[in-house]
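Here are a few friendly notes to read alongside the model. Please keep the structure open as you go through the points.

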Amino acid sequence: MSCQDNGKGQLDLVSIRTRLEGGAEKKFWRSLNEVAGIEDPNLRDNEFAGGPGSRFQINRRNALKLMGASAALAGLTACTKMPTEHIVPYVNAPEGLVPGKPLFYATAMPWGGVAQGVLAWSFMGRPTKVEGNDKNPGSQGKANVFMQASVLDLYDPDRSQVLIHNGSVSGWSDFLVETEELRAAHLRNKGEGLRILTGTVTSPALGDQLSDILKQFPQAQWHQYEAVSRDNVREGAQLAFGQIVETVYRFDQADRVVALDSDFLFATPASVRYALDFANKRRVAGPDSKMNRLYVVEGVPTMTGVQADHRLSLRPSQVEAFAGLLAAALGVKAQGLGQSSIPNLPSDWIHALVRDLQSHQGSSIIIAGDPQPPAVHALAHAMNAALGNVGKTVVYTESIEVSPINQLQSFKQLTNDMEAGKVETLLILGGNPVYTAPVDLPFADALAKVKDRIYLGLYEDETSILCNWHVPATHYLESWGDLRAYDGTVSTMQPLIAPLYDGKSAYEILTLFQGQLGRTGHTIVHDYWMGQQSQKGQKGATASPAEGGFDVQWQTWLEKGIIDRTAFAPRQVALKSGLDVSSTAQQSDDSSLEIAFMPDPSVWDGSFTNNGWLQELPRPLSKLTWDNAVMVSPATAELLNRSAKRVKIKGPGLGSGIGGKFFNPGPTQGTENEVVQLSFQGRTVIGPLLIMPGIADGCVAVTLGYGRERAGRIGTGPGFNAYAVRTSANPWFGTGLEVAKTGMYYNLVVTQHHHLIGQGSKGKEEESVSAFRRDLVRINTIDGYRQNQDFAKDPPDMTTDAQSLYPTLPSPYDFKKGPQWGMTIDLASCIGCNACVIACQSENNIAVVGKDQVSRGREMHWIRVDTYYRGGLDTPEIYNEVVTCMQCENAPCEYVCPVGATVTGPDGINEMVYNRCVGTRYCSNNCPYKVRRFNFYLFSDWSAPSLFGLRNPEVTVRSRGVMEKCTYCVQRIRSHEIDAEEKGRQLVDGEILTACQQTCPADAIVFGDILQPGSKVAKMREQPRRYGLLEELNTRPRTTYLAKLWNTNPEIKV
Amino acid sequence: MDPVDPLTEEKPAFLSPGDPFLAPGHSYASVTDRITGVILGRTRKGWWIGFAIAFFLVLVLNYGITMLFAIGVGEFGIQIPVAWAFAITNFVWWIGIGHAGTLISAFLLLMRQKWRTSINRFAEAMTIFAVACAGMFPLVHMGRPWLFFWLFPYPDTMGVWPQFRSPLVWDVFAVSTYFTVSLLFWYVGLLPDFATLRDKAKAKFAKVTYGVLSMGWRGSARHWKRHEVCSLLLAGLATPLVVSVHTVVSFDFTIAIVPGWHSTIFPPYFVAGAIYSGFAMVIMLAIPLRAWFHLEDFITIRHLNNMGKLLLATGMIVAYSYVMEAFFSFYSADKFERYMMIDRMTGRYGIVFWILATCNIFVPMIFLWWHKVRTSTVLLFIVATFAQIGMWLERFVIIVQSLHRDFMPSAWGMFYPTPTDWEVLFGSIGLFFALFYLFARLLPSISIFEMRDLVHRTAEDAGVIAKVE
C-alpha cells in the first residue's frame, strides 16, 4: 500500500479525491493507487492478493515474518556457531556448558555510543535474552526497553546479509581489493578527501584506531553525528566551564531534584542507573522513610514528568526563561539573566522552589535536558554550584567520548565539503545519516558527489541504497568491542555467537584503512588493552601471554564485563566568570504554535524501527502502537479544530508522509484520527493527530524514527517522518509552526482507550474517572501517609466478609506451607518505562500480532502499564499502574474452565496448562483484571527458522486457540527449585527473579516467598499502604500494590 | 365463513370461545390425504426457490466455519475483553427457540391441551433443528474445536476429567440430554405416520424408506398402547428439561462474576425468554406453512390466537425481568452493577438496548392485547419477527455489553462484528430453514394420527360418529 513511487511519479491526491467524490468510479477501493489508476505491483504479481489473505487481514503474518521468517536464514537452520576466540562465561554461571542450562555472558550494548552493560543468556550457544549486568555501574543489573529488545534485532531476518556493491551482491575479497586501492590512493594524497563518519565514539580501542588512521592520513577527517544529539550538553559545559566535561549526577544522594525539560529517568545514556538511584532515594519503607522531591518543568509529559511531585507544564521554549528566573532567584550571576518572563507562571512556584532548594544545599540536583539550549545547561551548572551541589550530588569528569565535539557542526562541515566536491571517500560506520540528517542539510544529494561511499550498517536502509559499498555490520551480540559507560567505566563487549551473516564490526573495517589486514575485532580490543596495561607498567602486563599475566586479567574483565578502575575520577572545574546566557533563541510567542521533536520511546531515532517488539509496545502514556502521532493537548486540539486552516494535500506533500494509507472520510469504528499538515519553516509533513492530556498548550509534539522508506518488513511504512521538518537550527523545538487540517483520517491504534468527557480544563477522562471511583489507584502524600498509614486499606464495608451474606468458605488449597509465591508492585517507585513489558515478551516467547490485531484488542503482552489521569485535562496528574496476572488464590478464571486448564498450584501460582486448553475463553471473561491473552490465530511463528534461535527453550511456544497469561516466570522458579532440591539446600530470598522484576530499573517489582519471614516481599506486604486490586471480589490476589505516594511541597498549592 | 358446523358449535371450546381447532367437515381420510398429499405429491416450484435460498445460506455457513477451523477463531470479531459475542449469542438464541417445540408437545400433552395437536409436529421439528443449530456454536467458537470431546467425561487414558464446576460442562449435559430426548420424542411420535406414508407411497424408494423408518409399525392395539405409554413417559421426561436447559444455559452467565451476568433472576428470566422466542418462531413458521401447504383447516386462527396470547404472557415475564434487573442493579448498591446498568442504557451499546426494548416490550405489549392483531396472520407474523430479533439482541446485550466494560477501565474495549460473525449468524438461519424445508417436504408437518384422533374426539364431543371417508 505504501508504494507511491511507482516509477511514474507521485500520487495526485486531488484527482483521486475528485474521482472518489464524483462517484463515477467504483465505490469501494483498496488503495489510493487503485483509485488513481496505478497498477499496484503487489496485485499484479499476486492474483490472490485480494483473496482470503487480505480479506481476513492476516497482516499479522507480515508482522511475524518481519520478526523471523524467510528462507534466507538457511545458515541458521543448520547450526549455530560459537565464536572461535575464547569468550568467558559470567562468573556466577556453572562451569562449562551443561546442555539445557543457560550460560551468562557479560557484554555491553551501545546506545548513543554509550555502554549499557548487559548480561546475555546463552542457551547452547544462542543468545536468547539480555538482562542488565549488575557489575556494570551504568546498568546495575537493570535494563531498559532497548536493551531488552535488542536481542530480537540479532535474529531479524531483514538484517543485511551480504556485502553489496552498486546494488549487486559482492564478496569480501572484492571489498578488500577496493579498500587496498583506496588506501594506496589516500596514502599518496595524505588522506585528502578521506572522511569517516561515525556516531558518538566512546570506545578507547576504536578511538585508538581512528587516531592511527588520522596519523597515517593527516588530511583525513573524522566526523561524528547522532540524531538524538547531546550537543547542547557539550556546548553547555563549554559555555559554563570553557571545556567539555561529563556531568555525572548522583541521584542516590539528592533530596531535591529539579529537571528542566530533562527525561533523565528514561532518555539519557545514564538513565538506567539514574532511574535506580532516583527510585532508591524515593523508596518508602515506612512512615519514617524520607522521600526525595522532584520538580519537573517540561512541555510534553515524559516518564520523568509523570514522577514529578510538582510538574509545571511549559512549552520547551519557555524553559530557558524559567531557568533564568530560577537562577536569578538562587543568586546566580550571569549576563543576560532575567531578560524574559513567563506569562501565567503560578506565583508561588518559583519562591517555594527556591526556598526548598536552599534548604537542601548540597543535596539537590538541577538537571537540564538534552533538548534545552546550552544556556540552560550552563545555568543548571551555575545553580548547582550556587547550591553547593558540585562534588556532592553533581560530579564532573573527563568526557567519556573519545573526541567530544559539536557533532552538528561537524556534520554540517562534512556536508558542505561533500557539496563542494572535497570528499572523495566517505566511510560511514553505522548510523543512518541519510535518514536522520537535518532536513536543511542536503546530505543525501551531496553524497552523490562523493566518489567512494562505503557504508557499514545492520540494515539495508536509506543510506545503504545511496552508497556504492554496503558492508553488513555485526550486531553487538556478535562483536568484540569496548565501550565506556556513563561514568567512564570501560565495558567489554564479547560475542555470544559467531556473526550470523558474516558481518563486520567497525573495528574490523578500520583495520583495512590502517593497513592491518587480518586483525580481528578480538585482537584489536585485546591488544589495545594489553598495550594500555603495559604502558601503565603494571604487574603482569608483559608482552608474553604465556605467563598468563595479562590474559588472566583479561579473563576476569570479560567475566565481569567491565575493566576495573576505568571510571573517571571527579574533576575540579571552575565556572567561567562572566557567564553569558543572553538568550539567542527566539522568544516564545503565545499566539503561534511550537513544535517539539522527541526521540520515540520505542523506536528511538529510527534505529529500532524494524523491531516488532518495540513497534507493538504501547508507548508510555499514549499507549500508541505501531505509529507515531502529532500529539497535542486537549485545549490545543480544540483550538485547532476551531481555527485550523484546511488544506488539500497535493501529491508531493505525501512524499514524507504516510502515503496510501488514508481513508476519507470513513471513520468505521469512530476511532480514526484526523490527519493534519505541519508546516515548519517552509517544510511540511502530514501526520495523524492524537490528543494527550498534559502537553503544554500550544505545543505540538512529534516523535522521530518513523516514516522510514527502507527499513525492513516491519519498519518500512508506519508513521510519518518528523525528520522532514527537523532543521539544524531547530533540532529539538521551535516556534512558528502552522497546523492545517487535511480532511483525511488515519487509524491510530492504542491499547488503552481514553474517552474525553467535557471540555477544556474542566474536562475529564472517562476511564480514569471510573478507575478512581473504583479505587484502582490509591494515592496519598507522604505527610498524609504519616498521619493515616492505613489510608490505602479497603473501608470496612468493602472487605470481602462485609460484602457477602455467606460465611467465607475454606479454600480448597492449603496455602500454609512454603514457598508461597507473591509479588508486590510499588506504585510510588514505578516510572512506567515499559522495560518489564519487553522483558516479559523476551522471556516468555510472547508473539507479536501486528497493528491490525492490536486494533482488534488482541495484543498479547502479559504485563501492561495502565495509565490514568486525575484532575482536569490540561494539567492532570498522571498515574501508571503495572497490571499483570494477580495469581488469585480464589481465582475466578479457574472454576469456569470446563477442562481444568487453569488451576491454582500448591504454591499459589495460578497455572496455565496450555496443552489442556481448548479455548473457550470463559476464563478471560471472568477475569476481573483482564490479564489473560488469547491466541486468536496462530500468532506464534512456528515456521520461521530464525525465531527458533531467539526463543527461550524453557517456555512453551503457544499454538493457536489457547489462552496464556503471566506465570510468575514459573520456568525460573522451577529451575531454581530443582537446583535447590538437587543440592539439598534452601531457596534463598532474592534468588528467583521474575523477568519483569529483574529488569525493572526502579526496583518497583518485588517477588518472593510471602511466608518466609524477612523476605523482601513479605516485608513489602506488611507495609500498611499495601492494597489489592478489586479485593472486594474475594479473589485474594497474590500480586498486590503499594499505594502511590507524592512528596508535595506544602507551599505550592495545585 | 360457512354456516357454523354443529360439531364444533355446540360444545364450548376448551380455552376460549372462538374459531375451531379443526375446520369442519373433515374425516379420517380427508385429514390423512391432505397431510400426506404434501409429501407424496410433486415438489412445488416455490419449495425449490425457498430451499435454494436457504441452501445458499448453508453454503455461506460452511464457508464461515471452514475459515474458522482453518485459520482460527480470530475470524470472529471477538477480542479481549469481549471474548464471547455472536457465537454465544446465537447459541443462547437458538436454544431458546428450541424450547417451544418440547413445551407444546410435552407440557401441553400432559396438560391435555388438544389445540396443540396440529402444531406440535413441526414445533418439535423446529426444536430439533434449532438445538442442532445451537449445538454447533459452542463447537465453532472454541479455540481448538478439534478437542471438543475433552468436555465429555470419557474414559481418558490419563484419567483426566472435565472440570465439573464449570457451567460449560453442565451445558454439555443439559443440551445433549435435551436434544436426545427431543429427538426421541419426535421420532416416536412420527412412527405411526411413517407407517401411514409407507402404506400410501407409490414409489418403491419411498415405500422402503418409510417402511424402514416406521420400524414395523402395524397399528395393532398393543402398538398403540405401548406408543401411548412411551409418549407419556417421554413427555414426562421432556417437560422438566424445558425448564432445566435454559436454566443451565443461564448459569453460563450467573456463575461468572461479571457485572450484568452475575444475577440470581437469570434462570426464570431466561426460561421465560426462551419460551417467548420459541413461540415467536412457531408463529413465524406456522403462518407461512399453513398458507403454502393449504393447511388452514388444521392450523386455524384459533391456534394463532392462542399462541399470540402465550407470546403476550411470556413477553410480560420478560419485560418484568428487564425492569427487575435494572432495579436490582441499583438496589444492590454495587458500584460495578450500577455502572453496568447505566452504561447498558446510555453507553455505546445503548442504542442496541433500546432497540431490544422496543422489539421485546413495546411492540408486543402494544399490539398483542388486540384480538385483531392476534388473529391477523400478517400482523402476528410481524410482531413475532420483532420478538425474535429482540430476543437475539437481548442475548447480545447481556453478553457483549456486560463484557465490554467490566471491572478494569484500562481494559475496556469495543466489539465490532466481522463478516464471519454475520456469515455464521445468517448461515445458521439458513441451515435451520434448509432443514425445515426438507422436513416439510419429506415428513408430515402435522401429526396425521393425532389429527385423526382429533377428528374422532371432535366428533365425540359433538356426540356423533366421525366420518371415515
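1. In the contact between the two chains, 40 residues of chain B meet 45 residues of chain A, where contact means C-beta atoms, placed from the backbone, within 7 Å. This is a predicted model, in which local features need pLDDT of at least 70 and side-chain atom pairs count only at pLDDT 80 or more, while totals for chains, interfaces and linings use all residues. Residues are numbered from 1 along each chain as its sequence is written, and chains are lettered from A and ligands numbered from 1 in the order in which they are written.

2. On the chain B side that touches chain A, α7 (167-200) and α12 (335-346) each supply at least two residues; α7(B) gives the most, with 3 residues. Helices here are DSSP runs of H or I, at least four residues, numbered from the N terminus. That side of chain B divides into 27 nonpolar, 8 polar and 5 charged residues. Nonpolar covers Ala, Val, Leu, Ile, Met, Phe, Trp, Tyr, Cys and Pro; charged covers Asp, Glu, Lys and Arg; the others, Gly among them, are polar.

3. Within chain B, helices α3 (residues 45-70) and α16 (residues 419-442) pack at about 140 degrees, with axes 7 Å apart. Axes are lines fitted to C-alpha atoms, for helices over the stretch in contact, and angles run from 0 to 180 degrees between N-to-C directions. α3(B) and α16(B) are therefore oblique to each other, the class left once angles under 35 degrees (roughly parallel), over 145 (roughly antiparallel) and 65 to 115 (roughly perpendicular) are set aside. By class, their contact has 20 nonpolar, 6 polar and 2 charged residues.
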